[in-house]
Amino acid sequence: MLMTIMLAAIAAQALASPPAPAPTVEPSPAAPSDEQRIAQSSSVGQILYAFDRAAWVSTDALRATAPKQQLTGSGGYIVEPIDAQTLHVTYYHGDTAHAQAFFVADVRNGKVEQKTLLDQPVALTPRQLTLAKARDIAAQRAKERAYKPCTPSPFNTVVLPSRSGGPIAVYLLSAQQDAGTYPLGGNFRVIIGPDGQVLASRPYSVGCINMTAPKLPAGAKPVGFVVNDLLDPVPTEIHVFASYSMHMPIFVTTPDHRLWKVQGAAITPADRK
């Protein structure tokens, strides 16, 4: 069953501007605590799943609604929260400089509640244009840094709007190819400033990690997946996103040899047995 995501939390927390890189002048700010990192991973991971789900179901609605000739050519989509329960997805044609919206859908609780194929394409709003430009900038950064997905499909891109014109976080995620295998590698984040400059970017793994559900006897199901994280002191938003997507826990070993259990948005220490 699809897990309900509280978009009120999105508006209140995760759409806040992502932290900018630490300044080079001394003294540098204290590193966030494990508790702060876990809270952010939990919050942002929920949002990634909600935004990605909205893009997925609205794409299905687009394909079922629009003529085939409207499904070809350049373009993209952007996702915006419009209230505490609704994500608004806008699909556009053309490059960013000439983008024209042609299909919109409202998604609530992971389902398309309303969809409209526009009679006439319309220009993107300034806010939408900023988000579309962020997609392009992140794609260019991926080329410069040779960021590659761990599956044959192009990246799924999630652009998280910011509050008050702050930095925008763009996630480049490896696309899941089948229900039994999930890519925990090939996922990246690019943070873009209000002036369009890349403030920071990072990978979430050092290689490809494709987790495949084992074949088990009839009636049995796996307890969870185990993965090593070599880059972070606690589980990240990618682990939360993956747990939601796989509908099962993920056990994460961090560089200090601690073991964590990620089950949806809950991140807790786990005992080694």
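The model is predicted, so local features are taken at pLDDT of at least 70 and side-chain atom pairs at pLDDT 80 or more, while totals for chains, interfaces and linings use all residues. Residues are numbered from 1 along each chain as its sequence is written, and side-chain values use heavy atoms, with hydrogens and water left out.

Let us begin with the sheet that comes earlier in the numbering. Helices (H or I, at least four residues) and strands (E, at least two) are DSSP runs, numbered from the N terminus. Two strands pair if DSSP finds at least two bridges between them. An open sheet of four strands runs in the order E1-E2-E3-E4, and its pairing is antiparallel. Strand E1 (75-81) and strand E4 (111-123) stand at the edges with a single partner strand each, so one side of each has no neighbour in the sheet. From one strand to the next, the twist averages 20°; axes here are lines fitted to C-alpha atoms, for helices over the stretch in contact, and angles run from 0 to 180 degrees between N-to-C directions. Helix H3 packs on this sheet, touching E1 and E2, and its direction makes about 125° with that of E1. Contact means heavy atoms within 4.5 Å.

Inside this sheet, strand E2 (residues 86-93) and strand E3 (residues 100-108) run antiparallel and are joined by eight bridges. Val-89 stands opposite Ala-105 in E3, and Thr-90 stands opposite Val-104 in E3. The hairpin of E2 and E3 has six residues between the strands, and Gly-94 in the turn has a positive phi of about 90°. E3 also pairs with E4 in the antiparallel sense, over eight bridges, with Val-112 in E4 as the bridge partner of Val-107. The hairpin of E3 and E4 has two residues between the strands, and there Asn-109 takes a positive phi near 50°. How enclosed is E3? Seven of its nine residues are buried, so E3 is largely enclosed by the rest of the structure. Buried means under 20% relative accessible area, exposed over 50%, and partly exposed in between (1.4 Å probe, protein chains only).

Now for the other sheet. Four strands form an open sheet in the order E5-E6-E8-E9, with antiparallel pairing. Its edges are strand E5 (156-160) and strand E9 (198-203), each with a single partner strand, so one side of each is left without a neighbour in the sheet. The twist averages 15° from one strand to the next. Five bridges pair E5 with strand E6 (residues 168-173) in the antiparallel sense, and Val-159 stands opposite Val-170 in E6. Helix H2 (residues 34-65) packs on the sheet, touching E5 and E6, with its direction at about 120° to that of E5.

In the loop between strand E8 (188-192) and E9 you will find Gln-197. Gln-197 is partly exposed, with a relative accessible area of 49%. Not counting residues up to four places away in sequence, Gln-197 touches Ile-191 and Ile-192.

The structure holds one disulfide, a term that here means a pair of cysteine sulfur atoms within 2.5 Å. Cys-150 is joined to Cys-208, with S to S at 2.1 Å, and the link is left-handed, with -85° about the S-S bond. Cys-150 lies in the loop between H3 (126-145) and E5, and Cys-208 in the loop between E9 and strand E10 (210-212), so the pair ties together parts that are 58 residues apart in sequence. Cys-150 is buried at 12% relative accessible area, whereas Cys-208 is exposed at 53%.

Helix H4 (residues 237-246) is largely enclosed by the rest of the structure, because ten of its ten residues are buried. H4 is followed by His-247, whose phi is positive, near 60°.

Finally, the largest pocket holds about 1,400 Å³ of space. On a 1 Å grid over the protein atoms alone, a pocket is an open set of points where a 1.4 Å probe fits, with protein on both sides within 12 Å along at least five of seven lines; lining residues have an atom within 4 Å of a point. Grid points are joined across faces, edges and corners, and the volume is the space filled by probe spheres set on the points. Of the 44 lining residues, the closest to the centre of the pocket are Thr-59, Tyr-77, Phe-155, Asn-156 and Thr-157. H2, E1, E2, H3, E5, E6 and H4 each supply at least two residues of the lining, and H2 gives the largest share, nine residues.
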